Amino acid sequence: MADSNLIDKAKLYHRAYRSRGFTLVELAIVLVIISALMATTLVGLSGFVDSGKTKATQTYLQEARTALLNYAAVNGFLLCPDTDDDGMEDRGDTNGGECEADNGGLPYSDLGLERLTPWDRVAFYAIDTDVDTTACTDGGQKSCFFESTNVLAFNRTTPPVSSDGNNFSLQVNDRDGNLAGRHILAVIGSYGKNSAITESNCNSAASNDEKENCDGDAVFVMDTPTETFDDQLIWIDANAVKGQALDAGWDLSN
Ligand SMILES: [Ca+2]
Ligand SMILES: [Ca+2]
Ligand SMILES: [Ca+2]
C-alpha cells in the first residue's frame with residue numbers, strides 16, 4: 001500500500017514537473033540555438049546579396065565600356081571624366097578642349113546609362129594622366145583620343161602603339177604585381193561595398209591594393225574579390241578605340 005502511494009506521488013510530481021513547461025536553462029539553450037541559426041542565415045544571405053551586386057556591377061561596367069566605345073565611334077573622340085556629378089563630361093574652356101581632370105565620375109548622362117552602380121555610387125572614371133595637361137597638336141599625343149573636334153584627331157600611329165613597350169599609358173596589374181593590361185586610355189571602376197569611405201578618404205580603403213585604385217596615379221589593380229579587396233574595373237586600350245573608329249568608317253591614315 002505504502003509503495004503504491006509512493007508511486008502515485010512520483011507520477012503526480014512527474015506530471016506537475018512536465019506540465020510547467022521549459023525551465024529557464026532550457027529556454028536559454030533554445031534561444032542560443034535560434035540566434036546561432038539566424039546569424040548563420042543572415043551571414044549567408046548577405047554574402048548572397050554581395051555576390052549578386054558584384055555580378056550586377058560587372059554587367060554595369062561592361063555596358064559602360066561598350067557605351068564609351070560606341071560614343072567614340074559615333075563622335076570620333078573619347079569622353080572626359082565628369083568632375084561635378086551632373087553626368088556630363090567636363091572640358092577646360094581655355095586649353096583647346098582638353099579634359100578638365102584625369103579623374104572623376106563616369107559621364108553616365110552623356111552615355112545614356114543609369115547614374116548609380118549596384119553599390120549606389122557613381123562609377124569612377126580615370127583617363128591617361130597626360131591627357132589633361134598635354135594639348136593635341138599633330139596626332140602624336142595621347143590627348144588626341146579625347147580631342148572633341150569635328151575631325152578625328154587621332155590616327156593609326158597615335159601613341160601608345162605596340163612598339164611603345166615601356167609607354168604603358170594607364171596600367172592595370174593583378175595583386176601579385178603581374179601586368180594585366182597596358183596602353184590603357186581609360187579605366188572605369190567601382191570601389192565596391194566600401195565605396196563611400198574610399199571616396200571620402202583613399203587612405204581608408206581596405207588594403208594597399210585598393211588604395212592603388214583611388215590614389216590618382218596611372219597604376220590600377222584588378223583581381224578576384226577578397227575580404228580586403230572588392231574593387232572591380234574594366235578598361236579601354238588604344239587598340240580598342242582605333243579598331244572601333246576603323247569599323248565606323250573613320251579615316252585613320254594620317
Ligand atoms: Ca560634368
Ligand atoms: Ca573596395
Ligand atoms: Ca594608382
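Reply: Of the chain's 254 residues, 33% count as buried. A residue is called buried if 20 or more other C-beta atoms lie within 10 Å of its own, exposed if 12 or fewer do, and partly exposed in between, with C-beta atoms placed from the backbone. The model is predicted: local features need pLDDT of at least 70 and side-chain atom pairs count only at pLDDT 80 or more, whereas totals for chains, interfaces and linings use all residues. Residues are numbered from 1 along each chain as its sequence is written, and chains are lettered from A and ligands numbered from 1 in the order in which they are written.

The chain holds 6 helices and 6 strands; helices (H or I, at least four residues) and strands (E, at least two) are DSSP runs numbered from the N terminus. Along the sequence, their order is α-α-β-α-β-β-β-α-α-β-β-α. Two residues are in contact if their C-beta atoms, placed from the backbone, lie within 7 Å. Among contacts with a separation of 6 or more, 55% join residues 24 or more positions apart.

A nonpolar core is a set of buried Ala, Val, Leu, Ile, Met, Phe, Trp, Tyr and Cys residues joined through C-beta atoms within 7 Å. The largest one has 44 residues, of which L78, L185, A186, V187, I188 and V241 touch the most other members. Two or more residues each come from α2 (24–75), β2 (124–127), β3 (170–173), β4 (179–190), β5 (219–221), β6 (232–237) and α6 (238–247). The largest share, 6 residues, is that of α2. Beyond its neighbours within four places in sequence, L185 is in contact with several residues, including L78, I127, F145, L170, I236 and V241.

In β3, L170 and V172 form the covered face, while Q171 and N173 form the uncovered one. Strands are said to pair if DSSP finds at least two bridges between them. β3 and β4 run antiparallel and are joined by 3 bridges, with V172 opposite G181 in β4. The hairpin of these two strands has 5 residues between them, and there G177 adopts a positive phi near 90 degrees. β3 and β5, by contrast, run parallel, again with 3 bridges, and N173 stands opposite V221 in β5.

Helix α2 also contains T66. T66 is partly exposed because 13 other C-beta atoms lie within 10 Å. Its C-alpha atom is 9.6 Å from that of L111, which is 45 residues away along the chain.

Several backbone details lie in the loops. In the loop between α2 and β1 (103–105) is D85, which has a positive phi of about 50 degrees although it is not a glycine. D85 counts as exposed because it has 12 C-beta neighbours inside 10 Å. D120, in the loop between α3 (108–111) and β2, also has a positive phi, near 65 degrees, without being a glycine. With 10 C-beta neighbours inside 10 Å, D120 counts as exposed.
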